[in-house]
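Please look at the sequence and the model first.

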Amino acid sequence: MRGSSCNYKKIRFKFTSAFEVTFAANRSLRRGLNSTTDLLHVHERGMMKSAGHALLSSFTPPYIFPKNKYRRFPPNLLCGTSSSKSRKLYAYQQNHHLHPKSSMVVEQYLPPWFSVAPMMEWTDNHYRTMARLVTKHAWLYTEMLAAETIVYQEKNLDRFLAFSPEQHPIVLQIGGNNLENLAKATRLANRYGYDEINLNCGCPSPKVAGHGCFGVRLMLDPKFVAEAMCVIAANTDAPVSVKCRIGVDDHDSYEQLCDFIYKVSSQSPTRHFIIHSRKALLNGISPADNRKIPPLKYEYFYALLRDFPDLRFTINGGINSIDEVRAAQQEGAHGVMVGRAAYHNSWSMLGNVDTEIYGAPPSGVTRRQVLEKYQVYADSVIGMYGNSKPSLRDLVKPLYGLFWGEPGNGVWKRNADSAFHQCKTFKSLMEETIMAIPDSVLDSPIVASSSTTRVDKFLHSKNFLPLPYTPKEQEQEQEQEQELLYA
């Protein structure tokens, strides 16, 4: 990236490759075939430059955003990152130090047909470590990290950004409203080798959207979001994306949502949008109420698929089972993001992703095996940051969803809560409490949770699609053409 606000060339691939991979992905979803096999078949024919989400999300028709629309930024926003993906590094923690390894190229990953939403204080390193022991293909998101946090913690970045190589594919979500901090934070995160960088334009928390003036409030300023995405793209080797809601307060019409999508995508390299299908209310209600009170409008999401066929859209909000994930995909969603259901019922939800969504054979993994592998991780990191951080309680918290709805779950949680006071290691805590869970639960492999029952959750949304969107620039051009025609 030299002398231009956005590195346009590094995110472009040939039309034939993008269309071929997209076709294979959609075909496998429609027919219920093995998705992995379809994509590998495309790869063998030499048609795929970079399989998975990096290629699909970087599909860039030249008529969407010409280079001259990109704003030129000052040098302090262009931090001199390399455009060569072969030089990407990812980090992992061992003996409390950061060790760079050879890059893990994006073509090893399948597309983000299923992803776990970024959730503050939930999708931390501990949860992601557990999740990856259950699913190999789901895309995992970090908690949102404020750009200022990354910048101010430059000498302590491992605590916030380092992750084990097994967590790929993984997406870093950042938040902020200062272009210089977003640029520096992205540059600092680049050497860790995240597979995508996502900008948070959807968090309605008063601390974020209120006092912080970012999160979902950024939807009110699409011009700034486009500039921010250019800055982020200029300082990373990874694809970029935006996660947003369908509106904010009274700015909740479909046309206003489309204006946001159009301006951001036409003025930046952003090709992938994750859409939480509720609007946000900034009148002081809690984030929890913002997940319940505003109604879901899936018709807005499916209308975006119609009106922006060259972009990639992932649906989010109110999706709580594998059956609903498949139903959303069958109606055309490019990807599905699940939040709390993937946390509270992690065994059933995550355990079925690889087989039901990606067509992989059953892994046969059991919960006992997951706990044994997680124990190695937990006892190696407990207290590593001083002041007993992370604590034993922090490390056990992500495991509660493994036994959701199973016999002994309540007893095990109560026993664990009592054992925190005397146990010093994860191993000793499990030895003290795990007998509350029957062996039949611990040693049973994942059971398919999907059914043959038709889910109509998204089908009826297509009966209420808003009118097609036409960008104001195109409307003006059409009016001028009509004036010339009748002059």
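Helices (H or I, at least four residues) and strands (E, at least two) are DSSP runs, numbered from the N terminus. This is a predicted model, in which local features need pLDDT of at least 70 and side-chain atom pairs count only at pLDDT 80 or more, while totals for chains, interfaces and linings use all residues. Residues are numbered from 1 along each chain as its sequence is written, and side-chain values use heavy atoms, with hydrogens and water left out.

Q: In which loop does Pro-390 lie?
A: The peptide bond from Lys-389 to Pro-390 is cis, with omega near -5°. Most peptide bonds are trans. Pro-390 lies in the loop between α17 and α18 (392-396).

Q: Is Ser-388 buried or exposed?
A: Ser-388 is also placed in the loop between α17 and α18. Its phi is positive, about 60°, although Ser-388 is not a glycine. Buried means under 20% relative accessible area, exposed over 50% and partly exposed in between, with a 1.4 Å probe and protein chains only. Because its relative accessibility is 55%, Ser-388 counts as exposed.

Q: How are α17 and α20 oriented to each other?
A: The axes of helix α17 (residues 367-381) and helix α20 (residues 426-433) come within 8 Å and cross at roughly 140°. Axes are lines fitted to C-alpha atoms, for helices over the stretch in contact, and angles run from 0 to 180 degrees between N-to-C directions. Angles under 35 degrees count as roughly parallel, over 145 as roughly antiparallel, 65 to 115 as roughly perpendicular and the rest as oblique. Therefore α17 and α20 are oblique.

Q: Which residues of α20 make the contact with α17?
A: Contact means heavy atoms within 4.5 Å. On the α17 side, the contact is made by Leu-371, Tyr-374, Gln-375, Ala-378 and Asp-379. On the α20 side, the residues are Phe-426, Lys-427 and Met-430.

Q: How many residues of strand β4 are buried?
A: Strand β4 covers residues 139-146 and is mostly covered. Of its 8 residues, the number buried is 7.

Q: Which residue is the bridge partner of Val-116 in β4?
A: Two strands pair if DSSP finds at least two bridges between them. Strand β3 (residues 114-116) and β4 run parallel and are joined by 2 bridges. The partner of Val-116 in β4 is Leu-140.

Q: What is the handedness of the β-α-β unit made by β3, α4 and β4?
A: A crossover is right-handed if, with the strands pointing away from the viewer, the path from the first strand over the helix to the second runs clockwise. Helix α4 spans residues 125-134. The unit of β3, α4 and β4 is right-handed.

Q: Which residue of β5 is the bridge partner of Leu-145?
A: β4 and strand β5 (residues 170-175) pair in the parallel sense over 5 bridges. Within β5, the partner of Leu-145 is Ile-174.

Q: How many strands does the closed barrel have?
A: The barrel runs β3-β4-β5-β6-β7-β8-β9-β10, with parallel pairing. From one strand to the next, the twist averages 25°. The number of strands in the closed barrel is 8.
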